[in-house]
Amino acid sequence: MHQKEIKTDMPFLSIKDLKVEYKSDGQIVHAVNDVSLQLERGKTLGLVGETGAGKTTIAKSILRILPDIGSHIANGEIYLEGENLLKLSENDMRKIRGNKVSMIFQDPMTALNPVLRVGDQIAEVVSLHSDNNNRAEHEKRAKEMLEIVGIPAERYYAYPHQFSGGMKQRVVIAIALACNPDLLLADEPTTALDVTIQAQVLDLIAELRNKYNTAMLLITHDMGVVAQVCDTVAVIYAGSIIEYGTKQQIFKHPSHPYTIGLFGAIPDMNEDEEWLHPIDGLPPDPTNLPQGCSFSPRCKFATDACRKEAIGMYKTQDGHDCRCCCIEAVMKGED
Amino acid sequence: MNPVIEVTNLKKYFTTPRGMLHAVDDVTFTIERGRTLGVVGESGCGKSTLGRTIIHLHESTEGQILLNGKDVTNLKGKDLRQAREKMQIIFQDPYSSLDPRKTIDSTIREPLIVSRHFTKSQIDQKTQELMDLVGIDERLRKAYPHELDGGRRQRVGIARALALEPEFIVCDEPVSALDVSIQAQVLNLLKKLQKEKGLTYMFVTHDMSVVRHISDDICVMYLGQVVEKCSSKELFQNPLHPYTRALLSAIPSTDIDKPNKREILRGEITSPVNPKPGCRFAARCPYANEECLKLQKQEEVSPGHFVRCCRLQEISSSYN
């Protein structure tokens, strides 16, 4: 029998020192480096960062759906309700996937099976996690889910190609929510959608989250979506969290030079400016991360100390975490 | 007044098994030299088709296109090739719009060779100038597209479009595949080039903050039609068409103190196949009534501000 080790004094989801590596062409890609974060029930944590920062890898590690070949979790612990998911057997893990923890994938065009009816794809999750074999009941639940996400139940028998992008994404959401998960991993759930449809989908997710007190990890690169939806925010750069705090702290007092640069690069909707302020340079090659701070090659505040050894988390004035040893110089430079 | 592009009643229909798809329906506008017209709308509204039809990647169904006052609507063969030197396009996806088997150098060089205007040494020199102009390192000259990141690839696309010194460039979502920090680099480059060379842009995008930043004038498209057209400033200060208002209110704001006052639209974009004569937005419009089923005319509500909505008078009083 598998021994379950349950710690009770922990937050709902707690990730400690997670490190994930991929192997590619004989080189090691350092996708996630010592990521730690916590999430409580009913709250939403935003993971923000650019392409290749490791956001999706973190979410996939929680569900343990990283590809078997070529990737491995080198270090770390992931506790859900005090239970270390990385220690569970594959069998136990399968009971959690889609049930207690589920994921909304980024691209609704490829996340659905094109040769199965959409309703059956929802019913599949329900029946997998149900203790009976009552097909009619599972179908009923699937129809209920369709109605919840705003699709008439009679569309149960339609195929994905008969749906628009927004409707497909709703089906993906219906699948993710069919078993009332405690934790929802939403990987860029609205990136492929138009803004008016995005507004509908975000409202839908918020409504369902409030109703079922679901915890949500929202992965996005859109600061506007974060501002609308999240309670806390973790900014990821080159596989590390470089700034971590409440939404108010991050948006009012961004402290890491990268976060400040990220906000500065977005065209302002309220002010006219002749030129934008891009961050110079490019994100580092994850097979060959720079020594010390991984942002130092692009950072105008970088000193020799930044390039030497790994940088720890520092507390900023208002008490949120920032992985920058020049934080005082940065704050002065900003004022 | 020095218009580079004048488009009058342009239509582009595609024949599909289900009927006529009205991708671009009766679009009229002019773009002055050195200015940027932003075209915004959601996927499937015909904004890319419009850009491609203007530079003849699609044959237009009806209407007229003038380039520097000269009719280029039905050009063919050699005349078309000459006209095309003056109008270029930068494509949306820097991953699929470059030939994976050509080096950066030969991609940029190709239009110069095809034009037959230059000698070998002129081509060498021009290629070098173009690479410097868009900021691609010399060491990447012999690199292949897969070795470059999205931002650099898009710079190659820009260099290729600039090779024959065009006057008019259609920018078809040139930054939507890029991260914000890289997006800002490319937008600055496009703006700098416009200033230096007096380029005229038609900038197609779905990102309202980008379009606001780069455009002088903006057309809002919905299902093939322009529903609102005015200066960039006016559009964001005083949006009038119900669709424009919904579109603007749906953008998630990064200001956490001002939660969005959203006008959430019901339903989704309807089919552009065999559309009914009335307002195409009526099915989703919160203000629609039977009047909207009639043909809608574009009206100038204030100088330079055009709106296609018959009930504007009534409903605009309810805006706050």
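How many residue pairs are in polar contact across the interface of chain A and chain B? The rule finds 16, both residues at pLDDT 80 or more. A polar contact is a pair of N or O atoms within 3.5 Å; within protein, one must be able to donate a hydrogen and the other to accept it, and residues adjacent in sequence count only if both atoms are side-chain atoms.

This is a predicted model: local features need pLDDT of at least 70, side-chain atom pairs count only at pLDDT 80 or more, and totals for chains, interfaces and linings use all residues. Side-chain values use heavy atoms, without hydrogens and water, residues are numbered from 1 along each chain as its sequence is written, and chains are lettered from A in the order in which they are written.

**Interface of chain A and chain B**

- 43 residues of chain A are in contact (heavy atoms within 4.5 Å) with 40 residues of chain B.
- The buried area is about 3600 Å², and carbon and sulfur atoms give 56% of it. Buried area is the accessible area (1.4 Å probe) that two parts lose on being put together, summed over both.
- Three salt bridges are counted between the two chains. A salt bridge is a side-chain nitrogen of Lys or Arg within 4 Å of a carboxyl oxygen of Asp or Glu.
- B:Arg212 and A:Asp272 meet in a salt bridge, at 3.5 Å from N to O.

**Salt bridges within chains**

- Over all chains, the structure holds 31 salt bridges.
- A:Lys143 and A:Glu139 pair at 3.6 Å, N to O. They lie four residues apart in helix α5 (residues 135-148) of chain A, so about one helical turn separates them. Helices (H or I, at least four residues) and strands (E, at least two) are DSSP runs, numbered from the N terminus.
- A:Lys143 is partly exposed at 25% relative accessible area; A:Glu139 is partly exposed at 21%. Buried means under 20%, exposed over 50%, partly exposed in between (1.4 Å probe, protein chains only).
- B:Glu62 and B:Lys11 form a salt bridge at 3.8 Å, N to O. The pair links distant parts of the chain, strand β4 (residues 62-67) and strand β1 (residues 3-16) of chain B, 51 residues apart.
- B:Glu62 is partly exposed at 45%, whereas B:Lys11 is buried at 18%.

**A network in chain B**

- B:Arg109 forms a salt bridge with B:Asp105, with the closest N and O atoms 3.0 Å apart. Both residues are buried.
- A network of salt bridges links B:Asp105, B:Arg109, B:Lys120, B:Asp124, B:Glu138 and B:Arg141.
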